[in-house]
Amino acid sequence: MISKSKVLLLIALSTLAAFFSANVYAQTNSKQNQRRPRTVSAKQPSTTPESVKEEPEAEVVRVETNLVNTVFTAIDRDRHFITTLRADDLRIYENDAPQTISLFERETNRPLTLVILVDTSKSQERTLPDEKKAANAFVRAVVRPDKDKVAVISFTGVPRVEQQLTENVSKVNRAIDNLRVELPANNPNCDEERPVQEDPLCWTSIWDSVWESASEVLAQGDENSRRAVILLSDGDDTSSTIKRQDAIDAALKNNVAVYSIGIGDPELYKVEQDSLRKISDSTGGRAFFPRAEAELIRAFAQIQEELRSQYIIAYSPQNKLRDGSHRRIKMEIVNPQLRKQKFQLVYRQGYYAAKQ
């Protein structure tokens, strides 16, 4: 015979389950619409769009949370990744106030959502073949079908979507293979300066293109995936309508890391390292400056290794205001033995709080 206390316990558990179920379905994440500074010139597919062919995804119900998630990597002085850290080895701060760590784990199997963003302006004429070869090898090594998604975007004075986000590696590699440096027939050396609206092929819009990649393409991907832009350019922006900081803010708001590969004409090697390093450091990515094909291949290999050698750390911020403000993040190693080894922690340097 079931005792009266057990009956009451069962009733209470049933009531609690029903209440939780109702609240889960009542709570969904909403995403603030962002105004586009420019229009992406997307290549029109010649066949039925992939979105029509695919089966519709099942609805996903999410519960709102105030946890701040940050992905980071730890690197020693020889640039080797450290994969043995524990939560009590670290301390994390928000606007200089220490926070209590709620979650700490090593990231090994998280889905990836990537944009391969390639400068196809005149300055990349000699380096583009090597970039394409290295990018194709990277995609084949990193992308797991049915788990990861990749888009390909090229840019001159305006960004152009060559391949929307897809799990199909063959489509991604084909889009990379089709990248070309195109110059106007009536101005092949771009020595006659014309407005970007009239002659976009002679201009370079890096920050517009990063903004579009983060806000328009990656923002449509799985919000629980690891989002990243892999930018190949010499860093010389000549025509963006938005500032570099706007591109950084777009990446932070959409939890996107920017990995920059600074590469230019090998005869001149004019690369704006400061700009590329700034956008990568601010968003939790890294910047690489290869001078030869072998170094370019190593840069892609390091990005591949980093994407598989990361940690995720989360905390519930002491500042509960939902005011949309920018909050600085700082992390440090507090374990005395580990501090002596001078590990470098790579992470995004801030985030934007939710806004009511």
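Residues are called buried under 20% relative accessible area, exposed over 50%, and partly exposed in between, as judged with a 1.4 Å probe and protein chains only. By this scale Lys342 is exposed, with a relative accessible area of 57%. The structure is a predicted model, in which local features need pLDDT of at least 70 and side-chain atom pairs count only at pLDDT 80 or more, whereas totals for chains, interfaces and linings use all residues. Residues are numbered from 1 along each chain as its sequence is written, and side-chain values use heavy atoms, with hydrogens and water left out.

The protein chain contains 9 helices and 14 strands, these being DSSP runs numbered from the N terminus (helices, H or I, at least four residues; strands, E, at least two). Of the 356 residues in the protein chain, 45% are buried. Among contacts (heavy atoms within 4.5 Å) with a separation of 6 or more, 79% are made by residues 24 or more positions apart.

A search of the whole structure finds 1 disulfide, the term denoting a pair of cysteine sulfur atoms within 2.5 Å. The disulfide is formed by Cys190 and Cys202, whose sulfur atoms are 2.1 Å apart, and its link is left-handed, with -75 degrees about the S-S bond. Both Cys190 and Cys202 lie in the loop between helix H4 (169-177) and helix H5 (206-217), so the pair ties together parts that are 12 residues apart in sequence. Cys190 counts as partly exposed at 21% relative accessibility, and Cys202 is likewise partly exposed, at 22%.

Positive phi values occur at two residues other than glycine, Asn95 and Lys342. For Asn95, phi is near 50 degrees; this residue is found in the loop between strand S2 (90-94) and strand S3 (97-99) and is partly exposed, with a relative accessible area of 32%. For Lys342, phi is about 55 degrees, and the residue is placed in the loop between helix H9 (336-339) and strand S13 (344-347).

Two cavities of 30 Å³ or more are found. The largest cavity holds about 60 Å³ of space, and its lining includes Val71, Arg226, Asn255 and Tyr347. That lining divides into 5 nonpolar, 3 polar and 2 charged residues. The second largest cavity has a volume of about 50 Å³; Val71 and Arg226 are also among its lining residues, as are Glu107 and Arg308. Its lining comprises 3 nonpolar, 3 polar and 4 charged residues.

The second largest pocket has a volume of about 400 Å³. It is lined by 15 residues, of which Ser121, Lys122, Ser123, Asp234 and Asp236 lie nearest its centre, and the lining divides into 4 nonpolar, 6 polar and 5 charged residues.

Terms used. On a 1 Å grid over the protein atoms alone, a cavity is a set of points where a 1.4 Å probe fits but cannot get out, and a pocket is an open set with protein on both sides within 12 Å along at least five of seven lines; lining residues have an atom within 4 Å of a point. Grid points are joined across faces, edges and corners, and a volume is the space filled by probe spheres set on the points. Ala, Val, Leu, Ile, Met, Phe, Trp, Tyr, Cys and Pro count as nonpolar, Asp, Glu, Lys and Arg as charged, and the others, Gly among them, as polar.
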